[in-house]
Amino acid sequence: MLLAIDTATRFMSLAIHDEHELIAEYTARIGNHHTTAVAPTLQTLMQSCEVTMQEVTAVAVSVGPGSYTGVRIGVAMAKGIASAHNLPLIGMSTLDILAYGQPNTPAGNALIAVVQAGRGRIIVQSYRWRKGSWGSRNEPKLMNWETLIETIDGSATISGEISEEGLETIKFAQANAIPVTIAPAGNRLRRAGFLAEAALDRLNSTEDKSEFEAARLLPVYVKSED
């Protein structure tokens, strides 16, 4: 059994995967209530599908980028569980989790994954479809919505957390013939089920399991250039 924990932004998502199928998942926008919500929600999720901690063989966690506090809460909880039970801990980027859950877009379209960074800012990473999966084109960058539109260099689909300001900016871009589309709402939701799948892929394809020692896991934060 693998536990997946994602508290990197105002959304919280938890999942349990038995390495064959996703057997439980909870995802909700909870704002800044991660501290009080994550532990009891995980306990309820495990009880609902009759999974005990003794059955857990691995833990996966979103390491950011995202909210400083949100990332810290999820990473601390995952490290605590993995350390206490001597389990492998697989850290995954929030933006890679978003990309992992997206179907292929129309031929040639880039995928732009977005998470909120607060104060009107967003963290952005661009992907291209290569050999059956999304491959990153660049490193995560901190910017605002207007800057994102200015940097689009071809047709693109945006997925992730799109605020009202972001929606208005995208609509304005579309009205000015910029070839950008918005992924369906269901695809834009960052889900721990996809975190679990991506983490299992990585765990099973890595020979040196020492990479997944809990003490080696570090969160990812993106700072502004200034």
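Predicted model: local features only at pLDDT ≥ 70, side-chain atom pairs only at ≥ 80, totals over all residues.
Colleague: How many residues does H7 have, and how far does H7 reach?

Modeller: H7 runs over residues 192-205, so to speak 14 residues, and spans 20 Å from its first C-alpha to its last. That is close to the 20 Å expected at 1.5 Å a residue.

Colleague: OK, on to the core. Which residues of the largest nonpolar core touch the most other members?

Modeller: Those are Ile-5, Ile-16, Val-59, Val-61 and Leu-89, out of 30 residues in that core.

Colleague: Which helices and strands each supply at least two residues of this core?

Modeller: Strands E1, E2, E3 and E4 do, along with helices H1 (34-48) and H2 (68-85). The largest share is from H2, with six residues.

Colleague: Let's zoom in on Leu-89. What does Leu-89 touch?

Modeller: Setting aside residues up to four places away in sequence, Leu-89 touches Val-59, Ala-60, Val-61, Ala-78, Lys-79, Ala-82, Phe-212, Ala-214 and Leu-217.

Colleague: New topic, Thr-7. Where is Thr-7 found?

Modeller: Thr-7 sits in the loop between E1 and E2.

Colleague: Why does Thr-7 count as buried?

Modeller: Because its relative accessibility is 1%, and the cut-off for buried is under 20%.

Colleague: What does the side chain of Thr-7 reach?

Modeller: It reaches the backbone oxygen of Gly-70, at 2.6 Å. Beyond its neighbours within four places in sequence, Thr-7 is in contact with Met-12, His-34, Val-38, Gly-70, Val-71, Ile-73 and Gly-74.

Colleague: What volume does the largest pocket have?

Modeller: About 270 Å³. It is lined by 18 residues, and the closest to its centre are Ser-126, Asn-138, Leu-148, Thr-151 and Ile-152.

Colleague: Which strands and which helix each supply at least two residues of that lining?

Modeller: Strands E6 (110-118), E7 (121-130) and E9 (141-143), plus helix H4 (145-151).

Terms used
Residues numbered from 1 in each chain as written. Heavy atoms only, no water. Helix = DSSP H or I, 4+ residues; strand = E, 2+ residues; numbered from the N terminus. Expected span 1.5 Å × (residues − 1). Core = buried A, V, L, I, M, F, W, Y, C linked by side-chain atoms within 4.5 Å. Buried < 20%, exposed > 50% of the residue type's maximum accessible area, 1.4 Å probe, protein only. Contact = heavy atoms within 4.5 Å. Polar contact = N/O pair within 3.5 Å; in protein donor to acceptor, adjacent residues only side chain to side chain. 1 Å grid on protein atoms, 1.4 Å probe; cavity = no way out; pocket = protein on both sides within 12 Å on 5 of 7 lines; lining within 4 Å. Points joined across faces, edges and corners; volume = space filled by probe spheres on them.
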